[in-house]
Amino acid sequence: MYKLVIFDLDGTLLNTIGDLAAAGNHTLEVMGFPQHPEESYRHFVGNGIPKLIERMLPAGHDKEIEQKAYDIFMEYYSAHKCDRTKPYPGIPELIRKLRAAGIKCAANSNKAHEFTQELIKLSFGDEFDDVIGFGAGFPAKPDPGAAHELIRRAGVQPSEALYVGDSNVDIQTGHNAGIDVCGALWGFRGYEELSAMNPTYLAKDAAELEKIIMGLSLIHIRRCRRAI
């Protein structure tokens, strides 16, 4: 059984893609640029909002355009970040079960720290022990600085911590931190991207993740790649 689980936010705890896509397309519309289908934003996100802005803008844009787009995006997203965002099925129940079992829960996101804190609070109340988003004094993922700090604050050993995320950035973050990592197949990316990063585990839903955390599952990516 793990004593600390560090969750990514977007695509792992919360389905935020609708609100992110709406903010992105609003920005593009205001600036007179072509918009993208919502599905495209699944591949734009993962490295923070500045990188999302860079990816959604037309090729050949300059830094001045990026800054203007960033300002428009942030103003809109700040007001609309909860319009469609909601936890994935089974996640709130899982967090409560983990806390009841004495397992600490933390969130680590490349989303701005203030947004990360607010979304965690709105979606999960006081269930999370710790939260670190981008801008809280640590480099963006996959740098392991924030993960190391969460482990230190929790007072556990790296071997007692598990990182859970839905993208290659999250898997790499866990590897860089020297801890076990589980790919969340219900999120924005999927099996091919996650399995290619050699995670310790893959979970198809919250119920399977619970078994992994509690030590009740034999599903281990290096033993059985297609067990899922």
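Contact, as the word is used in these legends, means heavy atoms within 4.5 Å. The model is predicted, and local features need pLDDT of at least 70, side-chain atom pairs count only at pLDDT 80 or more, while totals for chains, interfaces and linings use all residues. Residues are numbered from 1 along each chain as its sequence is written, and side-chain values use heavy atoms, with hydrogens and water left out.

View 1. Glu149 belongs to helix α7, residues 145-154; helices (H or I, at least four residues) and strands (E, at least two) are DSSP runs, numbered from the N terminus. With a relative accessible area of 15%, Glu149 is buried, where buried means under 20% relative accessible area, exposed over 50%, and partly exposed in between (1.4 Å probe, protein chains only). Not counting residues up to four places away in sequence, Glu149 touches Ile132 and Phe138. Its side chain also makes a polar contact, at 2.7 Å, with the side chain of Arg152; such a contact is a pair of N or O atoms within 3.5 Å, of which, within protein, one must be able to donate a hydrogen and the other to accept it, and residues adjacent in sequence count only if both atoms are side-chain atoms.

**View 2. His175 in helix α8.** His175 is found in helix α8, residues 168-177, and counts as partly exposed at 30% relative accessibility. Leaving aside neighbours within four places in sequence, His175 is in contact with Val181, Met197, Asn198 and Pro199, and a polar atom of the His175 side chain lies 3.2 Å from the backbone oxygen of Asn198.

**View 3. The buried residues of helix α4.** In helix α4, which comprises residues 63-80, the residues Glu66, Ala69, Ile72, Phe73, Met74 and Tyr77 are buried. What covers them includes α1 (17-30), α3 (49-56), β4 (104-112) and α6 (113-124). At the start of α4, a side-chain oxygen of Asp62 reaches to within 3.2 Å of the backbone nitrogen of Glu64.

**View 4. The open sheet of six strands.** The six strands follow the order β5-β4-β1-β6-β7-β8, with parallel pairing; two strands pair if DSSP finds at least two bridges between them. Strands β5 (130-134) and β8 (201-203) stand at the edges with a single partner strand each, so one side of each is left without a neighbour in the sheet. Within the sheet, four bridges join β1 (residues 4-7) to β6 (residues 161-165), and Val5 stands opposite Leu162 in β6.

Methods:
Expected span 1.5 Å × (residues − 1).
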